[in-house]
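I opened this entry to keep track of what I looked up, starting with the chain overall and ending with single residues.

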Amino acid sequence: MIYLTGDVHHDLEGYWEQDIAGNEIKAAKKYLSILKKYKISCTLFLNGVILDKEAEKVRELSEFDVEIGGHTYNNFGKMNVFKSYINRKRYNCIYGPASFQKKDIEKTKKAFEKLGIKMNSWRTHAFGSNETTFDILRGFGIKYESDLLGNQKPFEEKGLVHMPINIPVDINTISIGPLKPENRDSFASCTKGRIEPLEWFGIVKKRVEYNEKNNIDSIILIHPITMAALDDFALFDNIAKFLSKYESKKISEYSIIKH
Ligand SMILES: [Zn+2]
């Protein structure tokens, strides 16, 4: 089973992919229209601020075969090297203290409620969560999260289902754009450093084929804006064509019971 996901951010100053490819929701719409062509379901994790500020565009996305999950309100608010350092040092988590996380998740949930969308699933921006985040998510009745990376199967913990990303992530693996610190620790155990897009797609194919043969769910993260900035979705069209051979589901369609 394929669980394809993508993260969608609000306009951010100095965000190089947006400088090349523009607005992320526009990219998300193109992403979904390609998936529609190949009849693939997916889950997009959106910043809450997008639902508040671009409700009309979010409604347009909802018309596709997509689940919309939360992706923090607006990343971590104003983040800089100093704040990032303090958060990691003091709270061992870039998302900051429990009080900030709780407010942020609540604000995101409210933005969803205003549009009548139930937020069943969550991914923290930059996978920046910790156990505190998971507890807060449980408290808000969120059933699925997808922040963990690595070769592990989905599992449930005190009512929260973890959906670990078990396929190398596009932006962390492809050699495109500036190499940020968070991209150095890529889930690209198969590669030493970043590689060409086609080589990455080759690895994705092999892993998905292996998973399908062995009845392992593939949880994939491919960002709409990265595919837009890379080659205006030419590679993504090929990826979607490949993935369409397999059955796909949305994150919250995962059922722990049958596993
Ligand atoms: Zn993000």
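Contacts came first. I found that residues 24 or more positions apart account for 69% of the contacts in the protein chain with a separation of 6 or more. Two residues are in contact if their C-beta atoms, placed from the backbone, lie within 7 Å.

A note on the source: this is a predicted model, in which local features need pLDDT of at least 70, side-chain atom pairs count only at pLDDT 80 or more, and totals for chains, interfaces and linings use all residues. Residues are numbered from 1 along each chain as its sequence is written.

Next I looked up the overall make-up. The protein chain has twelve helices and nine strands. The radius of gyration of the protein chain is 17 Å, close to the 18 Å that the globule rule gives for 259 residues, so the chain is as compact as a globular protein of that length. That radius is taken over C-alpha atoms, and the rule is 2.2 Å times the number of residues to the power 0.38. Helices (H or I, at least four residues) and strands (E, at least two) are DSSP runs, numbered from the N terminus. I also noted that the C-alpha trace spans about 45 × 40 × 35 Å along its principal axes.

Burial was the next item. Of the 259 residues in the protein chain, 42% are buried. A residue is buried if 20 or more other C-beta atoms lie within 10 Å of its own, exposed if 12 or fewer, and partly exposed in between, with C-beta atoms placed from the backbone.

Then I turned to one helix pair. Helix α11 (residues 224-231) and helix α12 (residues 234-243) pack at an angle of about 125 degrees, with their axes 7 Å apart. That makes α11 oblique to α12. Angles under 35 degrees count as roughly parallel, over 145 as roughly antiparallel, 65 to 115 as roughly perpendicular and the rest as oblique. Axes are lines fitted to C-alpha atoms, for helices over the stretch in contact, and angles run from 0 to 180 degrees between N-to-C directions. I listed M227, L230 and D231 in α11 as meeting A234, L235 and F236 in α12.

The loop between α11 and α12 holds F233. Its phi is near 75 degrees, a positive value in a residue other than glycine. I read F233 as partly exposed, with 19 other C-beta atoms within 10 Å.

F127 also has a positive phi, about 55 degrees, although it is not a glycine. I placed F127 in the loop between β5 (121-122) and α7 (131-139). F127 counts as buried, with 20 C-beta neighbours inside 10 Å.
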